[in-house]
Amino acid sequence: MIRIPGEARARLMVILVFTAVSLIVVGSAPLWTILIAHACALWRLLVTMGALPPPRPRKGARFLFGAATALMVGGVLLSFRTLNGLAAGTALLVVMGALKLVESRGRRDDGIVIGVSLFMLLAAALSDQSLSRLPLYLLVIWGACAAMMQVAHPGSGLPVRSALRLSARALLMAAPLAAACFMFFPRFSSQFWALPGGGGATTGLRDEMSPGSIDRLVADYEPAFRVRFEGDLPPPPQFRYWRGPVLNTFDGFTWRRERRIYVDTPREMLGEPVRYRITLEPTQQKWLFALDTVDGTPGGTVFLAQDRQLARSEPVTEVFTYDLSSHVETRTRGPLSPLGRRHETQLPATRNPRSLALARELRSRAADDAAYSQLVLDWFRDHHLQYTLQPEPTSVESVDSVLFDTRQGFCGHFASAYATMMRAVGVPARVVTGYLGG
């Protein structure tokens, strides 16, 4: 029977807890971060067991470690184009915990690794709130508490059984307080245990769109704005699309709005204009809503961008009323400028490769761009893509995931996929968010 010294026993429990949590977040973090975490845990395990020599302090080691840290942060930034949000934050926790495990020298460092593991577990709970996973979460919390007791015990000589028994007793003593907080602490109304889902969102509009990061869309029926038309009848329902933010850049996962300056295609206004008044609720954003196509602005602080997005110079912080006139039917006169075409067909060449290959295949079968557009819509229908408010989270290749893996999503998923398919073969496209109906 192998007898493991107390300090090594505590380190082994820390490694076990970190490895277990990194397995739990599989699917919430990119695969490369999980592989790095497991490689670091394996190396630390071999060092702890004496199979590998411990690292020796060397000149430049701190610089190399700092460079590795910067490289990991850069990798997360390249994967998500941000360090904010649950998905990017989880990935950052995984790689930072792995690096801390590598440089761990004593009890303080081991305690930090356990703390990072608990935050990773919290991220996993926010990502997946199914009650079936609750026993797994509780088991890992029990192990983390036992590891913390091992690390904190003088000489790290506390037996594993004693640490597990003491941590179980402490968790049981904390259970009444947890139950009281659950019953009386204010929380959002959602699933049974009412944790706000990090991958969830509510219906509404923002100035960027990452549908692949959302796994649950909750309907919000609060009024966005109110409209009063001049005359007896509003335009037919198919013409009541209220344009909001226009998103024109795509990194393979997130659509954003960037300022593009080029000469837009001239338009011929058809039919009689529709005149109306909008009373907009506070949005804390600068953009406004309007029917397509506005033939002027109400003046003052309101302006019309080149892509026909209506906006103010200041955010809407209180109820704002404005009058507009729109032509719901128009006709373009002339082609899009070369600069505009270049802007509105940009795509990252290395992202969503399966979708790009499909686009090229379908375009080879179509006589022109109009036929290709219809062919893409037919492909969406024939391959049984399903609308749902609870789609599965996608990988960083969000369009590939929607079209070939999950085959489900809501309006943002399909708008992103369609615009990507258009741009992939040189057809100008952008995502125009808004509301249909009223």
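**Close-up 1. Helices α11 and α12 cross.** The axes of helix α11 (residues 398-406) and helix α12 (residues 411-423) come within 10 Å and cross at roughly 105°. Here, axes are lines fitted to C-alpha atoms, for helices over the stretch in contact, and angles run from 0 to 180 degrees between N-to-C directions. Angles of 65 to 115 degrees count as roughly perpendicular (under 35 is roughly parallel, over 145 roughly antiparallel, the rest oblique), so that's the label for α11 and α12. On the α11 side, V399, V402 and L403 make the contact, and on the α12 side it's H413, F414, S416, A417, T420 and M421. Contact means heavy atoms within 4.5 Å. Helices (H or I, at least four residues) and strands (E, at least two) are DSSP runs, numbered from the N terminus.

This is a predicted model, where local features need pLDDT of at least 70 and side-chain atom pairs count only at pLDDT 80 or more, while totals for chains, interfaces and linings use all residues. Residues are numbered from 1 along each chain as its sequence is written, and side-chain values use heavy atoms, leaving out hydrogens and water.

**Close-up 2. Three strands make an open sheet.** The order is β4-β9-β13, with antiparallel pairing. β4 (225-229) and β13 (320-326) are at the edges, each with a single partner strand, so one side of each has no neighbour in the sheet. From one strand to the next, the twist averages 25°. Two strands pair if DSSP finds at least two bridges between them; β4 and β9 (residues 274-280) have five.

Close-up 3. Leaving aside residues up to four places away in sequence, R267 touches R308, T330, R331, T332 and R333. T330 is 63 residues away along the chain, yet the two C-alpha atoms are separated by 6.4 Å. The side chains of R267 and T330 also make a polar contact (3.0 Å). That term means a pair of N or O atoms within 3.5 Å; within protein, one must be able to donate a hydrogen and the other to accept it, and residues adjacent in sequence count only if both atoms are side-chain atoms.
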